Amino acid sequence: MSQPSILDVGSKTKLYTTGNGPGNRTFSLDVPANANTVAVQVGLDTDATSTNVITGLSSSGLTGAVQLFDLDTSADNIRAARTGIYDVRSCGAGTLTVTAAMGSSRGEVCIASVVMTDGYLESVHTFVDRVMDRGRVNLHSGNSANNIAVMLGTIDGDQSTFSFSGTGVVELFNTNASGDSFAGFAGSQATSVNDVKTMTYTNSVSGDELAATLILFSTQPNAFGDIDPRGDIISHDIITN
């Protein structure tokens, strides 16, 4: 098998913006016919607290779209963020409307980092980086020949100070919200060493903060579907797994 592709970088895989509220925010995502998965991380330019938080993501408008995950991606004193992952394999081309529900009536800038792919979700992990000087993430998979790693997120800082680095790492986008020092980004890594994909990043202004989502996308809809959790089974002199 080959590795999946990131679709339409710059036109569909990109930073999306919306009005500054107050209240819930909506993003209209133009999904191409060959997309199988859409990953969205929404960020709000205010620190997450008990009330200043994105309470949930929901979708509408694209018949057959299935929300696989709705994850709180932020932490106290980190800019509020939330990640949604959508299975769109049976949808065809159309508009996926993603709504971010707010815990209170907020008026700050709200953005969405979006990656679309013809691959399928293999695994997902989220993290925050409070200092954000130099970062390194490693993702292991026994399916490394058939997957790619994607890191997408939001930054409390100007996009010009942030960059990906490392062999094989590709920046998909790194974009400021208009008129605001609040940015969204995404990068990918297709190269593995000993089944580990590594992505490194740097930020020239120490003290900025980052909320990020790490995803492995596979060409297989169920990458480990033929693995029996009981291990090898011996039955009538036949070994199966």
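Before anything else, a definition: two strands pair if DSSP finds at least two bridges between them. Strands (E, at least two residues) and helices (H or I, at least four) are DSSP runs, numbered from the N terminus.

A word on the source: this is a predicted model, in which local features need pLDDT of at least 70, side-chain atom pairs count only at pLDDT 80 or more, and totals for chains, interfaces and linings use all residues. Residues are numbered from 1 along each chain as its sequence is written, and side-chain values use heavy atoms, with hydrogens and water left out.

1. **The three-stranded sheet.** Let me start with E2 and strand E7 (residues 94–102), which pair in the antiparallel sense over seven bridges. Look for Leu 29 here: its bridge partner in E7 is Leu 96. These strands belong to an open sheet of three, ordered E2-E7-E4, with antiparallel pairing. Strand E2 (25–31) and strand E4 (54–60) stand at the edges with a single partner strand each, so one side of each is left without a neighbour in the sheet. From one strand to the next the twist averages 20 degrees (axes are lines fitted to C-alpha atoms, for helices over the stretch in contact, and angles run from 0 to 180 degrees between N-to-C directions).

2. **The five-stranded sheet.** Another open sheet has five strands in the order E1-E8-E3-E6-E5, and its pairing is antiparallel. The edges are taken by strand E1 (14–17) and E5; each has a single partner strand, so one side of each lacks a neighbour in the sheet. Ignoring direction, neighbouring strands in this sheet are turned by 20 degrees against each other on average. At the E5 end, six bridges pair E5 with strand E6 (residues 79–87) in the antiparallel sense.

3. Val 66, Leu 68 and Phe 69 make a nonpolar surface patch of about 220 Å². Patches are made of residues with over 30% relative accessible area and no salt bridge; nonpolar side chains (Val, Leu, Ile, Met, Phe, Trp, Tyr) are joined within 5 Å, like charges within 9 Å. A salt bridge here is a side-chain nitrogen of Lys or Arg within 4 Å of a carboxyl oxygen of Asp or Glu, and accessible areas come from the Shrake-Rupley method with a 1.4 Å probe, where for residues only the protein chains shown count as cover. Phe 69 sits in strand E5 (residues 66–72). With 32% relative accessibility, Phe 69 counts as partly exposed (buried means under 20% relative accessible area, exposed over 50%, partly exposed in between; 1.4 Å probe, protein chains only).

4. **A buried arginine.** Is Arg 82 buried or exposed? Arg 82, which lies in strand E6, is buried, with a relative accessible area of 11%. Its side chain reaches the backbone oxygen of Ile 54 at 3.1 Å.

5. **E10 and its two faces.** In a regular strand the side chains alternate between the two faces of the sheet.

6. **What E15 pairs with.** E10 runs antiparallel to strand E15 (residues 196–203), joined by seven bridges. Leu 139 has Lys 197 as its bridge partner in E15, and Gly 135 stands opposite Tyr 201. Strand E12 (residues 162–165) is also antiparallel to E15, with four bridges; there Ser 165 stands opposite Thr 200.

7. **Two residues at 0%.** Gly 184 is in strand E14 (residues 183–189) and is buried at 0% relative accessibility. Ser 218, in strand E16 (residues 209–218), is buried too, with a relative accessible area of 0%. The side chains of Ser 218 and Gln 220 are joined by a polar contact of 2.4 Å (a pair of N or O atoms within 3.5 Å; within protein, one must be able to donate a hydrogen and the other to accept it, and residues adjacent in sequence count only if both atoms are side-chain atoms).

8. **Positive phi.** Asp 8, in the segment before E1, has a positive phi of about 50 degrees although it is not a glycine. Asp 195, in the loop between E14 and E15, has a positive phi near 65 degrees.
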